[in-house]
Amino acid sequence: RQRQMCIRDSTRGDKMKKYFDSTICWPLATILFILCLISCYTIKCAAGYITYPNPTGYWTKQLLYYGIGVGLIYLISRFGNDRIYSGMWIFYGILIVFLVGLVIQRFAIYKLGMHIIPFAKDLNGATSWYNFPGFSFQPSEFMKVVMIICMSKTISLHNERYLIHTFESDLQLIWKVAKIALPPMILTYLQNDAGVTLIMAFAVVVILFASGINRKWYIVGFAVVAVVLIIFTYLFIFRQDIFSSIITGHKLDRFYGWVDPEGTYQSQGYQLYNAMMAYGTAGLFGHGFETVIISLQEAHTDFIFSVITLGFGFVGAAITLVSVLALDVIILYVGLKATHQSDKYFIAGIFGCMIFQQFWNIAMILGLLPITGITLPFLSYGGSSLLSYMIAMGMCFDIHRQTSIAKYNQIR
């Protein structure tokens, strides 16, 4: 009898160990570790291109940000997503205040020639950062995640109330989402940060699609976008005077640099042309570790994929793309298996952010889309971008944990 009891205890212990192991999303943890290695190694390779002070120290800072991100993942797993959903409106309000401060600072700099908001910083034509002692903080990067969390909870509550989608209920839902999304999007755009604004907009489109609204809304939306693109194309070809009065300053320079990078090499097209030269000459295995053969601006941030292809060629680019795609697939799988609707909507929004950034960043380096300052998630250097996504990954880990617990309880 004692032996049978020992066997039962041992079996129960094995089951519990297997259960607790299953609550950790090991594929997600593994791919984040791989992306950390690729990111830090590439940033170290980019040191020769970086024109900012202490270029060799950026990869250690990125490693530190990853370490802090792991700590955030642990804290989120301790608190749980339910508390995050309920308390996120406080962070939404705080970040709105930070965004308003940056807009005021931009107006003060360019209209009054004054600096009135403490720690607000203008860089590369955008007023998007607070430069605190020891670190910089970009509110819009955190806001995109906070905004998705707030929208996810709002959509979940709406769909619990309206079980059948009608024109009126869809209109109410779109209005509720717009009230959450439009303020940060407008404030971010007024900082002259079109990149993050586009990311937020695409996240809204994806999360509304996941909410189950009538597909006719998307036909209307795509039709409006198509008409706008046709109008701008016409103005660019036939009425450049009107076109240049609508799109001005830094945005106009980047547009002309995209259209004709070789012809505008001495000014607007310098970044793109050099990036195209970098990956165009890399071959199968690239030019090697820390090789500097051409000037690359923002090599450790916006153009980190160019550094990967330059140093490690087609093979390095392929490994990177497979790793990025693996992350997307894992996140999507976690979302499809989620048991709570708010979690599904959250995963949809984060997936939309990530896939949009990945596509646009790589496409702009290939010359397929204009340069907008959109970074490559988990690979480009940047504390605010990385930590905001690590918060999202912490919630993904908790979603997987809750799904595993629900599955375990059903089996038991």
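Is Met114 buried, partly exposed or exposed? Hi everyone, let's start there, keeping in mind that this is a predicted model. Met114 counts as partly exposed, because its relative accessibility is 43%. You'll find this methionine in the loop that runs between α4 (81–112) and β1 (120–123).

Now, on to the cysteines. How many disulfides does the model have? The count is zero. Take Cys353, which is in no disulfide: the nearest cysteine sulfur belongs to Cys396 and lies 12 Å away. Cys353 has a relative accessible area of 1%, so this cysteine is buried. Cys396 is in no disulfide either, and for Cys396 the nearest cysteine sulfur is that of Cys25, at 8.4 Å. A disulfide would need the two sulfur atoms within 2.5 Å. Cys396 counts as buried too, because its relative accessibility is 0%.

My last stop is Asp170, so please turn to helix α6, residues 167–190. Here is something to look at together: Asp170 is buried, yet has no salt bridge. Where is the nearest side chain of opposite charge? That is Arg215, 7.7 Å away, while a salt bridge calls for a distance within 4 Å. As for what does touch Asp170, setting aside neighbours within four places in sequence, the contacts are His165, Ile213, Asn214 and Trp217.

How values were computed. Residues numbered from 1 in each chain as written. Predicted model: local features only at pLDDT ≥ 70, side-chain atom pairs only at ≥ 80, totals over all residues. Heavy atoms only, no water. Helix = DSSP H or I, 4+ residues; strand = E, 2+ residues; numbered from the N terminus. Buried < 20%, exposed > 50% of the residue type's maximum accessible area, 1.4 Å probe, protein only. Lys, Arg positive; Asp, Glu negative; His and termini not counted. Contact = heavy atoms within 4.5 Å.
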